[in-house]
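Colleague: I'm new to this one. Can you put it up and take me through the side-chain contacts?

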Amino acid sequence: MISRPQLIEGQQSGVWFLNRSGVLCGQQLADPALLRIGLNIVGLREMQYRLGIILIASALAGCMPWPHFHYLAPAVEGIVTNNGVPVQNAEINVSTEFSEEQQKGVTDSNGRFSTKPIREFMLFAFLLGDPLYGYTVTITNAENQYEGFSEGYVGYAPEQLTVICDLVKLIQLRGKKRYCAGSLSE
């Protein structure tokens with residue numbers, strides 16, 4: 001750790017370099033044996049000024065620095081039955097329209113399953129408008145594929161979805177035929 005770097009003769013003010021053994025040097029950037037660490041010693045006021053400019057520019061662009069997870073599809077848990085009898089080893093697949101990532105789960109002997117959410121880490125939050133989300137839960141059992149549940153809206157996807165699925169009972173919900181009824185939770 002460098003506590004008080006010393007200016008080396010012929011070196012530009014405010015920029016220092018470390019060689020591979022950690023010795024502070026003042027050689028040119030073109031030397032491949034050196035690693036530039038760019039220790040710019042800037043006063044507190046100048047740093048506050050720069051940070052203020054970044055925040056104002058971000059606000060004018062409609063976004064603010066706010067590290068968070070954006071959920072594209074919720075974590076899904078539930079039970080799969082066939083005319084009331086639990087279905088074992090059915091594969092559950094959760095996919096989203098906005099990412100190639102998928103989450104999979106398999107039902108146990110009681111027909112229960114759970115999957116993780118599909119989410120992405122965002123450094124900025126948008127101030128204008130809401131994001132889109134859309135996801136589909138499909139069930140594959142004995143080479144048959146069933147659309148279990150699907151949602152897509154403007155806004156934020158929930159973090160958790162609980163579903164109850166019966167592979168012989170179609171449910172008509174919002175104009176779509178599905179095999180699962182679900183309850184959303186934030």
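Modeller: One term to begin with: buried means under 20% relative accessible area, and exposed means over 50%, with partly exposed in between. By that rule Glu 151 is buried, and Arg 178 is buried as well. Keep in mind that this is a predicted model.

Colleague: What does Glu 151 form with Arg 178?

Modeller: Glu 151 forms a salt bridge with Arg 178, and the closest N and O atoms are 3.6 Å apart. The pair links distant parts of the chain, since Glu 151 is in strand E12 (residues 144–154) and Arg 178 is in strand E15 (residues 176–178), 27 residues apart.

Colleague: Which ring does the charged end of Arg 178 sit over?

Modeller: The ring of Phe 149, with the charged end of Arg 178 4.8 Å from the ring centre.

Colleague: Is Glu 91 buried or partly exposed?

Modeller: Glu 91 is partly exposed, because its relative accessible area is 34%.

Colleague: And what does Asp 166 pair with?

Modeller: Asp 166 forms a salt bridge with Lys 169, the closest N and O atoms being 4.0 Å apart. Asp 166 is buried, because its relative accessible area is 11%. Lys 169 has a relative accessible area of 47%, so Lys 169 is partly exposed.

Colleague: Why can such side chains pair at all?

Modeller: Side chains of opposite charge can do so when their charged atoms come close.

Colleague: Different topic. How many aromatic pairs are there?

Modeller: The structure holds four aromatic pairs. One of them is Tyr 133 with Tyr 135, whose ring centres are 6.1 Å apart.

Colleague: Why does that pair count as stacked?

Modeller: The planes of the Tyr 133 and Tyr 135 rings are at 15 degrees, so the pair is stacked; the cut-off for stacked is under 30 degrees.

Colleague: Are those two buried or exposed?

Modeller: Tyr 133 is buried, because its relative accessible area is 9%. Tyr 135 is buried too, with a relative accessible area of 2%.

Colleague: Which residues form the aromatic cluster?

Modeller: Tyr 133, Tyr 135 and Tyr 153 form one cluster.

Technical notes. Residues numbered from 1 in each chain as written. Predicted model: local features only at pLDDT ≥ 70, side-chain atom pairs only at ≥ 80, totals over all residues. Heavy atoms only, no water. Phe/Tyr/Trp six-rings, centres within 6.5 Å; stacked < 30°, edge-to-face > 60°. Buried < 20%, exposed > 50% of the residue type's maximum accessible area, 1.4 Å probe, protein only. Lys NZ or Arg CZ within 6 Å of the ring centre and 35° of its normal. Salt bridge = Lys/Arg side-chain N within 4 Å of Asp/Glu carboxyl O. Helix = DSSP H or I, 4+ residues; strand = E, 2+ residues; numbered from the N terminus.
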